[in-house]
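Dear colleague,

My notes on it come after.

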Amino acid sequence: MNVIRHFDKKASSYDEFREQGILGKYVSRERNFVLNELNVKKNEVILDAGCGSGYYSLYIKNLGGIPFGLDISEKMIQELKKKDINGLVGNVENFS
């Protein structure tokens, strides 16, 4: 699948890419909004569906939550696990 290959290729530099330039400014605004809306509580388990390399999962973890990632890219899940965050390779459309 082309989508999986694309994200497998981008996995090792995905977080860095998202924080640069004009995209970085939008991602920063988005992050502030998302984390405010989530209102993470200590030890709260949060599913990060489409977690990528764990950009939001790491923030959730740092706020005291327990993130669990799900992504279709095996390489993204490998990057997630480097951050000591659990996750599985899977498709949110048919994951049970």
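What follows goes through the sheet and its helices, then the salt bridges, and then the aromatic rings.

Please keep in mind throughout that this is a predicted model.

Three strands make up an open sheet whose order is 1-2-3, and the pairing is parallel. Strand 1 (45-49) and strand 3 are the edge strands, each of them pairing on one side only, and from one strand to the next the twist averages 20°. Strand 2 (residues 66-71) is joined to strand 3 by 4 bridges, the two running parallel, and Asp-71 is found opposite Val-89 in strand 3. Helix 4 packs on this sheet, where it touches strand 1 and strand 2, and its direction makes about 170° with that of strand 2. Helix 5, for its part, lies across strand 2 and strand 3 and runs at about 170° to strand 3.

The salt bridges

The count of salt bridges comes to 4, and I describe some of them here. In one of them the side chains of Glu-30 and Arg-18 meet, at 3.4 Å from N to O; this pair links distant parts of the chain, since Glu-30 belongs to helix 3 (residues 21-38) and Arg-18 to helix 2 (residues 14-18), 12 residues apart. Glu-30 is partly exposed, with a relative accessible area of 38%, whereas Arg-18 is buried, with a relative accessible area of 14%.

Another salt bridge is formed by the side chains of Lys-61 and Asp-84, at 4.0 Å from N to O. Here too distant parts of the chain are linked, with Lys-61 in helix 4 (residues 55-62) and Asp-84 in the loop between helix 5 (74-82) and strand 3 (86-89), 23 residues apart. Lys-61 counts as partly exposed at 30% relative accessibility, while Asp-84 is exposed, with a relative accessible area of 63%.

The side chains of Lys-82 and Glu-79 also meet in a salt bridge, at 3.0 Å from N to O, and both residues lie in helix 5, 3 residues apart, which is about one turn of the helix.

The aromatic rings

The structure holds 3 aromatic pairs. The rings of Phe-7 and Tyr-14 have their centres 6.0 Å apart and their planes at 80°, so this pair is edge-to-face; Phe-7 is partly exposed, with a relative accessible area of 28%. The rings of Tyr-55 and Tyr-56 are likewise edge-to-face, because their planes stand at 90°, with the centres 5.2 Å apart. Both Tyr-55 and Tyr-56 are buried, and ring pairs link Tyr-55, Tyr-56 and Tyr-59 into a cluster.

How values were computed:
Residues numbered from 1 in each chain as written. Predicted model: local features only at pLDDT ≥ 70, side-chain atom pairs only at ≥ 80, totals over all residues. Heavy atoms only, no water. Buried < 20%, exposed > 50% of the residue type's maximum accessible area, 1.4 Å probe, protein only. Phe/Tyr/Trp six-rings, centres within 6.5 Å; stacked < 30°, edge-to-face > 60°. Pairing = 2+ DSSP bridges. Axes fitted to C-alpha atoms, helices over the stretch in contact; angles between N-to-C directions. Contact = heavy atoms within 4.5 Å.
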